[in-house]
Amino acid sequence: VLATWDFKVEDPAAHLPTAVDLAQSRLGGPRALPDGLRQQAIDLLTGFLTGEHGQMLRSATILGREVPLVAVVANRALAARADVVMRSGGELIVGDYKLSRQSTATPIAEYGYETIVSNALGLGSNHLNLILDPKG
């Protein structure tokens, strides 16, 4: 859903049911999710899009989505796909959505993303934003 979402939408809750159904149909699975699971997805996305991270994304300029990042570190190729690359407050920011019961990324995950962003784009870790939803 977030890969194609228009973050400028004023009322996400009004558009999410259609967006969730469309995303499900693109996966090639059954046309309808079980009602409980579908509603959980809508509730989760509504909370995200109306919260702090959604507001940040709404005010940012989205430069790319699903952006491949590749870097060579210590003679090893590292690859990742950034969910979103945006410009906010004059800064270039690489964002990656994560559902987590924690409010912060694990040190290993954070180090991996920082290394790839730093080497692939020449940006410091202050430009990386792991967008975590602790309700996930």
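## Helix packing and cores in a predicted model

Trainee: At what angle do helix α1 and helix α2 pack, and how far apart are their axes?
Mentor: Bear in mind that we're looking at a predicted model. Helix α1 covers residues 12-26 and helix α2 covers residues 35-50. The two pack at an angle of about 135°, with their axes 9 Å apart.

Trainee: Is the crossing of α1 past α2 left-handed or right-handed, and which residues make the contact?
Mentor: Start with the handedness: α1 passes α2 in a right-handed crossing. On the α2 side, the contact uses Arg-38, Ala-41, Ile-42, Leu-45, Thr-46, Leu-49 and Thr-50. From α1 come Pro-12, Ala-13, Leu-16, Pro-17, Val-20 and Asp-21.

Trainee: What about α2 and α3: how do they cross, and are they oblique or perpendicular?
Mentor: Their axes come within 4 Å and cross at roughly 60°. Roughly perpendicular would need 65 to 115 degrees, and roughly parallel would need under 35. That makes α2 and α3 oblique.

Trainee: Which residues of α3 meet α2, and how does that contact divide by residue type?
Mentor: Phe-48, Leu-49 and Thr-50 are what α2 puts in. By type, the contact of α2 with α3 has three nonpolar, four polar and one charged. The α3 residues are His-53, Gly-54, Gln-55, Leu-57 and Arg-58.

Trainee: Which element gives the most to the largest nonpolar core?
Mentor: That core has 18 residues, and Leu-2, Trp-5, Phe-7, Leu-49, Leu-57, Met-86 and Tyr-97 have the most contacts inside it. The elements giving two or more residues are α1, α2, α3, β2 and β3. With four residues, the one that gives the most is α2.

Trainee: How many residues are in the other core, the one lying apart?
Mentor: Look for Ala-82, Val-85, Ile-116 and Val-117, which are among its members. The count for this other core is six residues.

Trainee: Is Asp-83 buried or exposed, and what is it in contact with?
Mentor: Asp-83 sits in strand β2, and its C-alpha is 5.3 Å from that of Arg-65, 18 residues away along the chain. Leaving aside neighbours within four places in sequence, Asp-83 is in contact with Gly-64, Arg-65, Glu-66, Gly-95, Asp-96 and Tyr-97. Buried means under 20% relative accessible area; at 14%, Asp-83 is buried.

Trainee: Where is Glu-66 found, and what is its phi?
Mentor: Glu-66 belongs to strand β1, residues 61-73. Its relative accessible area is 35%, so Glu-66 is partly exposed. Glu-66 is not a glycine, yet it has a positive phi of about 55°.

Technical notes. Residues are numbered from 1 along each chain as its sequence is written. This is a predicted model: local features need pLDDT of at least 70, side-chain atom pairs count only at pLDDT 80 or more; totals for chains, interfaces and linings use all residues. Side-chain values use heavy atoms; hydrogens and water are left out. Axes are lines fitted to C-alpha atoms, for helices over the stretch in contact, and angles run from 0 to 180 degrees between N-to-C directions. A crossing is left-handed if the near helix is turned anticlockwise from the far one by less than a right angle, and right-handed if clockwise. Contact means heavy atoms within 4.5 Å. A nonpolar core is a set of buried Ala, Val, Leu, Ile, Met, Phe, Trp, Tyr and Cys residues joined through side-chain atoms within 4.5 Å. Buried means under 20% relative accessible area, exposed over 50%, partly exposed in between (1.4 Å probe, protein chains only). Angles under 35 degrees count as roughly parallel, over 145 as roughly antiparallel, 65 to 115 as roughly perpendicular and the rest as oblique. Ala, Val, Leu, Ile, Met, Phe, Trp, Tyr, Cys and Pro count as nonpolar, Asp, Glu, Lys and Arg as charged, and the others, Gly among them, as polar.
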